[in-house]
Amino acid sequence: MYPTALTQLARANPFSAPLFTLQKVEEPKQSLHGQSHRRLAAASAAEDVSCEFGSSKYYALCGFGGILSCGLTHTAVVPLDLVKCRLQVDPEKYKSIGNGFAVTVREDGVRGLAKGWAPTFIGYSMQGLCKFGFYEVFKIVYSDLLGEENTYLWRTSLYLAASASAEFFADVALAPMEACKVRIQTQPGYANTLRECAPKMFGEEGLWAFYKGVVPLWMRQIPYTMMKFACFERTVELLYKYVVPKPRSECSKPEQLVVTFVAGYIAGVFCAIVSHPADSVVSVLNKEKGSTAVQVLKRLGPRGVWKGLIARIIMIGTLTALQWFIYDSVKVYFRLPRPPPPEMPESLKKKLGLTE
């Protein structure tokens, strides 16, 4: 009866799949200090690694990878972001993306396209530090709370919970610089640099000026990040299982990074699709006064909310793929433990009657 019930649970669970293979390693008993995490044998024994999985050094280097992946990619698209923000707040002046670039260059010169680069780089670097660093922390913490078998059965749920928890703190870190960026980019004459903008905002509105946008950030970023991380993790697993012709342990580092890039792009496509209707509504809301989200949604209709999807897929897909590629490259460069694709724990196989 027990194996049958477990089998039904495993089949019915839409989020079933392991986080990673956890294997017990016989070790001499030591003090609990510094030994609270379970060892992942495959993560440390199979590769020449520079630190222990789940150690302070591991988390710190993951955070550094997040700084580079988010800070560099978001700063690279500052000109496009600037024009997009101006289109949303002043559509009469900036009539299209091409026209927005032309007007900006005519009025501010080519350097005007870089307005807001400093708060963008600082803000999204801090967001990347918290997003990727805390994701690794919460992923291990939640896995330890669930146990080996439940981690396998509810692996995607764990990804979703870990990424949502990480993004909560990441947006708190991002909010002040995001507020400065929007002021610099959308209010001509208010301030041209971060050094001008931050003191002026604080003097006029106090500390709240930097955090009044944190709730909208949570509403936009947390669902997006949940899709980004969960889809990436599942796609990596499926690529190694069905597409890559050999086990990951036999793949070279460049081959593994190609898989990372492809999985990141696929995750970005899903992120763009999931968030596009809401993004369309928000864009129209920013252009019109007095309208509500429900009114805009009804007016756009089922087809209208999907306008511009291809362009968004290209942008978000490329951005997400580059972020994961940079992040995984940091892991490879610093020789961080990288657990293999997930497999069903032996204990669960016995309960399901899959082994003798």
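Predicted model: local features only at pLDDT ≥ 70, side-chain atom pairs only at ≥ 80, totals over all residues.
Biologist: How many helices and strands does the protein have?

Modeller: Helices (H or I, at least four residues) and strands (E, at least two) are DSSP runs, numbered from the N terminus. The protein has 14 helices and zero strands.

Biologist: What makes the contact between Lys 139 and Glu 233 a salt bridge?

Modeller: The term requires a side-chain nitrogen of Lys or Arg within 4 Å of a carboxyl oxygen of Asp or Glu. The N to O distance between Lys 139 and Glu 233 is 3.2 Å, so the pair qualifies. Lys 139 lies in helix α6 and Glu 233 in helix α10 (residues 214–243), so the pair ties together parts 94 residues apart in sequence.

Biologist: Are Lys 139 and Glu 233 buried or exposed?

Modeller: Buried means under 20% relative accessible area, exposed over 50%, and partly exposed in between (1.4 Å probe, protein chains only). Both Lys 139 and Glu 233 are buried. Of the 356 residues of the protein, 46% count as buried.

Biologist: Which helices hold Glu 237 and Arg 155?

Modeller: Their side chains meet in a salt bridge at 2.2 Å, N to O. Glu 237 is in helix α10 and Arg 155 in helix α8 (residues 155–186), 82 residues apart. Both Glu 237 and Arg 155 are buried. Shared partners in salt bridges also join Glu 136, Lys 139, Glu 233 and Lys 331 into one network.

Biologist: Why is Asp 48 called exposed, and what is the class of Arg 335?

Modeller: Asp 48 has 60% relative accessibility and therefore counts as exposed. Arg 335, at 38%, is partly exposed. Their side chains meet in a salt bridge at 3.6 Å, N to O. Arg 335 is in the loop between α13 (309–333) and α14 (346–351), and Asp 48 is in the loop between α2 (41–44) and α3 (56–76). The count for the model comes to 15 salt bridges.

Biologist: Which residues form the nonpolar patch on the surface?

Modeller: Patches are made of residues with over 30% relative accessible area and no salt bridge; like charges are joined within 9 Å, nonpolar side chains (Val, Leu, Ile, Met, Phe, Trp, Tyr) within 5 Å. The members are Leu 72, Trp 117, Phe 121, Ile 122, Met 126 and Leu 129, with about 520 Å² of accessible area together. These areas come from the Shrake-Rupley method with a 1.4 Å probe; for residues, only the protein chains shown count as cover. Helix α6 gives the largest share, five residues. Phe 121 lies in helix α6 and, at 34% relative accessibility, counts as partly exposed.

Definitions and conventions
Residues numbered from 1 in each chain as written. Heavy atoms only, no water.
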